[in-house]
Amino acid sequence: MDLPSSDLAVPTYYVVATAEASSNLARYDGVRYGHRSTQATTPVEMMTLSRSEGFGPEVKRRILLGTFVLSAGYADAYYVRALRARSKILSEHLAALEKVDMILTPTVPTPAFKAGEKISDPLQLYLEDIFTIPANLAGLPALSVPCGKSQHLPVGFHLVGAPLSEKKLLAASRVFEAAHPYRHQQAPL
Amino acid sequence: MAKGFDIDHLAKLARLQLSAEEKALYSNQLNQVLTYFETLARADLPPAANVAQVIEESALRADIPGQSLGAEAVTKIAPASRDGQISVPRVVDDES
Amino acid sequence: MSESSWEIVIGLEVHVQLRTRTKVFASVPWGFGEEPNEQVDPVVLGLPGTLPVVNRAAVEQAILFGLVVEATIPERCAWDRKNYFYPDNPKNYQLTQKDFPVTLGGQVEIELPGPSRNVMGEHKMIRLHHAHLEEDVGKLSHSGSGSLVDYNRAGVPLLEIVTEPDLRSAAEAAAFLNALVAMLTQAGVADCDMEKGQLRCDANVSVRRRGDTQLGTRTETKNLNSISGVRDCIQYEAARQIRELEEGRKITQETRGWNAVNARGYVLRDKEDAHDYRYFPDPDIPTLKISRATVERLQKLVPERPFHRQRRYMEKLGLPYTATSVLIADKALADWFEAAVAAYPQNPSGIANWVANDLLRDLSAATSAPDAFSEPSVAKVSLADCRIKPVQLAGLVKITDEGVISKQQAKEVFAEMFRTGQDAGEIVNAKGLRQNSDAGELEKIIQEVIADPAVAKSIAEYRAGNEKAINALKGPIMKRTQGKANPAMIDQLLRKHLG
């Protein structure tokens, strides 16, 4: 089984996801509902201040990134290429799933990091998603199953199946969980 | 792959007001992320994206009227309203 | 200004609200004249978590339009997001179709004004580039330091019809819009009531020296909301561009507005300020596959194209141009006319005459409110309320042709028929209007009149070869029959008696 485009998954996902987010979140402008800044005298100012006051740093960062990858002169290099990469990732997964029933990986590459630890390093934050992103991009069913501890923290594995193979994925995880009941374990707080 | 974003232009397009510190921070982070995205530029990709999802006409909605929220509900959640309408600072012709 | 050495090149983008009950991506109903914000739901308002679901009727109206203008209906169509912030745009993106529109190509036949109202003008085909299905935005109104937003119009299905740059004058643009409106309304795709904002237009205008093959720099004037506005704006803008070029300046590619009150255009924004709409495929609406079965079903609903109908009336029915141009402007009127012709196929011209003149005149007198779409060639007629049925008019024309009543009497019968909806025969009997066609009685009167020495001179002249002299005898005959005599029969019998 071979998934040569795995290294494209994270950049592809973050181009597509931030592009969509920048547009999806445009409705939070203080006009119809939600927070409206009291400082504004024009509609542009009202929208700008309401959004700047209301959104947190990660949301602003994603909106800026998504706005950039869709902007004139850059959309072809980023957004359109990401859609093409997404097609490639899908076809590679479909080919692989012809040969195997499901694909097993860790759910995340490292045990849970501390709250707020990676917020200033978006790249490291985004790379945490490297194993779960391909299924999301390809529109394939996937699930995560608790499977023990690493460095005293609970970890899980991730199963990806062919389209409409949810039943098979659930059956496999049920068999595993019956033999290895990790689901009640908790992290030390 | 061309990076060369203009943080002021992006902020204006996205309707965000950024402080000098925020501009420096986001510029730095965007540069870092976009450098990583360069794997996309080098990748050998299919010439066009496949249409992943196609629906048939049976998935369309019949033209049968449903419920309206009504002006009262609209103005109740609006930050400011008058006479059943949402009020905003005065819009001048094509200000966008 | 030497306008004749310049060629004006125009392309139009026409936005038409489609005739549906509910909005294009939401099931809330829409209509004109409701109180503000009474026609919105969570989807229209762009509340968090709401998703669009495409209205089948809107898609089918768009396809039907495509078939009416002989466009290609691609196998697939898809929606894109056009991103821009504006208070009337609830999601701050508009769902539209950029790369995969619902129709491609097509054409609209137009007629340019002829040398007079009675003479057919030149015909020309205007090619369409495509038409795409999108959502309308809300409405802003301004008061003092603030503006108010009403989202009733937001999400109304809008078909944007884009022409090729085939139009060459303001008159051609007006003729195009008239022809387009006729096709849209006759197919039931849209009502095109411009006073209700159901048809709005952007005009792309450029000029070039006659003979040049390159297009000049164009400007786009947005949001013209009447045909006369389109005509005036194009005249103004073309004259402005010619003046600029003749005085050695350049045309700036810009977006302009039009002030209909003082009939002047103005700059909205230049190319540097052009929007960056960041179009991308809408992830919420999957690509839609259009089945060929749907296209075939809708093809059956395509009505006869107005100019096709006109040619058929002129060539097959022998109608004069003037009557046909009145009839084809209104499908209901033309259908009414054809129903009458079906009942009495012997005299289509006679029937057309009644319909285009008397019926229309009486109907418009009876219809108090003038039509909002006030182009003179498109008379608004409320045939639904008309008491006369096509078969009854056919009956009236028939008994007139048969000489049962005179043409003068027919007018009287028509007026009564319009008022009461009675058959011609009933009215004729009730009023005792039956024209006297009893040859025996008439012959007796003719013999008496001929014997009168007062007409001897006329008889002599007639016999001497003066054809017109016979008319002097007809008056006294008509008088003695109290106007009920059939003029044709009088003529025939007179000639017989005078040898």
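Predicted model: local features only at pLDDT ≥ 70, side-chain atom pairs only at ≥ 80, totals over all residues.
The largest cavity has a volume of about 150 Å³. Its lining is made up of 21 residues, and those nearest the centre are Phe25(C), Val43(C), Val44(C), Lys91(C) and Glu135(C). Two elements of chain C, α1 (42-45) and β4 (93-96), each supply at least two residues of that lining. Sorted by class, the lining of the largest cavity holds 12 nonpolar, 3 polar and 6 charged residues.

| Interface | Residues in contact | Buried area | Share on carbon and sulfur | Salt bridges | Residue pairs in polar contact |
|---|---|---|---|---|---|
| Chain B and chain C | 40 residues of chain B, 54 residues of chain C | about 4,100 Å² | 55% | 0 salt bridges | 27 residue pairs |
| Chain B and chain A | 45 residues of chain B, 50 residues of chain A | about 4,200 Å² | 70% | 1 salt bridge | 14 residue pairs |

Here is the side facing chain C. Chain B and chain C bury about 4,100 Å² between them. On chain B, the residues losing the most area to chain C are Glu57(B), Arg61(B) and Asp63(B), which together account for 19% of what that side buries. Four elements of chain B, namely α1 (7-13), β1 (54-55), α4 (71-77) and β3 (85-89), each supply at least two residues of the side that touches chain C. The largest share comes from β3(B), with 5 residues. By class, this side of chain B divides into 19 nonpolar, 11 polar and 10 charged residues.

And now the side facing chain A. Carbon and sulfur atoms give 70% of the area buried between chain B and chain A. Arg15(B), Tyr36(B) and Leu40(B) supply 15% of the area that chain B buries against chain A, more than any other three residues. Which side chains form the salt bridge? They are those of Lys60(A) and Glu22(B), at 3.3 Å from N to O. There are also 14 residue pairs in polar contact between chain B and chain A, with both residues at pLDDT 80 or more. In chain B, α1, α2 (20-36), α3 (38-42) and β3 each supply at least two residues of the side that touches chain A. Of these, α2(B) gives the most, with 8 residues. That side of chain B has 32 nonpolar, 7 polar and 6 charged residues.

Notes:
Residues numbered from 1 in each chain as written. Chains lettered and ligands numbered in written order. Heavy atoms only, no water. 1 Å grid on protein atoms, 1.4 Å probe; cavity = no way out; pocket = protein on both sides within 12 Å on 5 of 7 lines; lining within 4 Å. Points joined across faces, edges and corners; volume = space filled by probe spheres on them. Nonpolar A, V, L, I, M, F, W, Y, C, P; charged D, E, K, R; others polar. Contact = heavy atoms within 4.5 Å. Buried area = accessible area lost by both parts, 1.4 Å probe. Salt bridge = Lys/Arg side-chain N within 4 Å of Asp/Glu carboxyl O. Polar contact = N/O pair within 3.5 Å; in protein donor to acceptor, adjacent residues only side chain to side chain.
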